[in-house]
Amino acid sequence: MQTRPPEDFDYYEALAILEWQVELGADEAICEAPLDAYALPDKIDPVRAPVAAPERGAKPVAPVVQQAVQEGPDPVLVAREAAGRCETLEALAEAMDAFDLCDLKKGARQTVFADGNPKARLMIIGEAPGRDEDLQGKPFVGRAGQLLDRMFGAIGLSRTAPDSEAALYITNTLPWRPPGNRDPEPDELAMLLPFLRRHVELADPDVIVLMGNAACAAALGKRGILRLRGQWVEAFGKPCLPMTHPAYLLRNAAAKREAWADLLEIRARLGG
Ligand code: URA
């Protein structure tokens, strides 16, 4: 059997292995490295070795897991305080990069903060980085991002425009890639929300696009993008338009018609 050294495992693989061991009943780490009891017959008697019996009916939980559940500061409060201290977008990017209480950070290559022109009148809030964004450190650079660029290009807006009227500013609800591109969890959205709120305050756009369900969940506390899309709502003290996510449009070409109507609505709201 081929074995892999521990440093080869990423955070999520290691966590999955730990959870599997807990399920099998392991409730204590005796040594840092495993001992092959069969190779040490004189020194260890695995039959007589004392094993702490779990309480009857109690589900065994590894100490490290217990600690994560029971102890530590409230991540939402820590995020709120850290975000509140930031007076510039640069400071906010640094504060998010230094925030260690979200497990997603451990599995991500880098913190994906924003892209485009922070002076833009229009700010887009997407979901979370995917594989390409995690590699490049910028939001919306994969296939969905290329479609997003074409969609907003069609109404004269681009992330590279120096002029605030023609510019786009883009961020996400979460700055770290969820494993396997799964949907963000409600506790992750809640934990990073103070940073998102401060991001909007500092960028101060005129109009926001909430791109997909995660953005609506974070900003409005609501899901159901197919019902919400196309209707102006207020969040963060700004007019916001929920839109279907470009990743959805890549899978459902028929929905592009409504997305085009939403783009025209944005164009009209910005004037011109
Ligand atoms: N999808 C998103 O919502 N954000 C990204 O940055 C990439 C894909």
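Which residue has a backbone N or O atom 2.8 Å from an oxygen atom of the ligand? In this predicted model, that residue is phenylalanine 140. The close-up views below start with the ligand and then turn to a pair of helices.

**View 1. Residues surrounding the ligand.** The shell around the ligand consists of Gly126, Glu127, Ala128, Glu133, Pro139, Phe140, Asn172 and His245. Sorted by class, this shell holds three nonpolar, three polar and two charged residues.

View 2. On the backbone side, a polar atom of glutamate 127 is 2.7 Å from an oxygen atom of the ligand. Phenylalanine 140 also places a backbone N or O atom 2.8 Å from an oxygen atom of the ligand. Histidine 245 takes part through its side chain, where an N or O atom is 2.8 Å from an oxygen atom of the ligand. The ligand taken alone exposes 240 Å², and the protein buries 91% of that area.

**View 3. Packing of helix 8 against helix 9.** Two packed helices are described by the angle between their axes and the distance between the axes. Helix 8 spans residues 186-203 and helix 9 spans residues 213-220. Their axes are 10 Å apart and meet at an angle of about 75°. Angles of 65 to 115 degrees count as roughly perpendicular, so helix 8 and helix 9 are roughly perpendicular to each other.

**View 4. Residues in the contact between helix 8 and helix 9.** Helix 8 contributes Leu189, Leu193 and Leu196, while helix 9 contributes Ala214, Ala217 and Ala218. By class, the contact has six nonpolar residues, with no polar and no charged ones.

Conventions: Residues are numbered from 1 along each chain as its sequence is written. This is a predicted model: local features need pLDDT of at least 70, side-chain atom pairs count only at pLDDT 80 or more; totals for chains, interfaces and linings use all residues. Side-chain values use heavy atoms; hydrogens and water are left out. A residue is near a molecule or strand if one of its heavy atoms lies within 4 Å of it. A polar contact is a pair of N or O atoms within 3.5 Å; within protein, one must be able to donate a hydrogen and the other to accept it, and residues adjacent in sequence count only if both atoms are side-chain atoms. Accessible areas come from the Shrake-Rupley method with a 1.4 Å probe; for residues, only the protein chains shown count as cover. Ala, Val, Leu, Ile, Met, Phe, Trp, Tyr, Cys and Pro count as nonpolar, Asp, Glu, Lys and Arg as charged, and the others, Gly among them, as polar. Axes are lines fitted to C-alpha atoms, for helices over the stretch in contact, and angles run from 0 to 180 degrees between N-to-C directions. Helices (H or I, at least four residues) and strands (E, at least two) are DSSP runs, numbered from the N terminus. Angles under 35 degrees count as roughly parallel, over 145 as roughly antiparallel, 65 to 115 as roughly perpendicular and the rest as oblique. Contact means heavy atoms within 4.5 Å.
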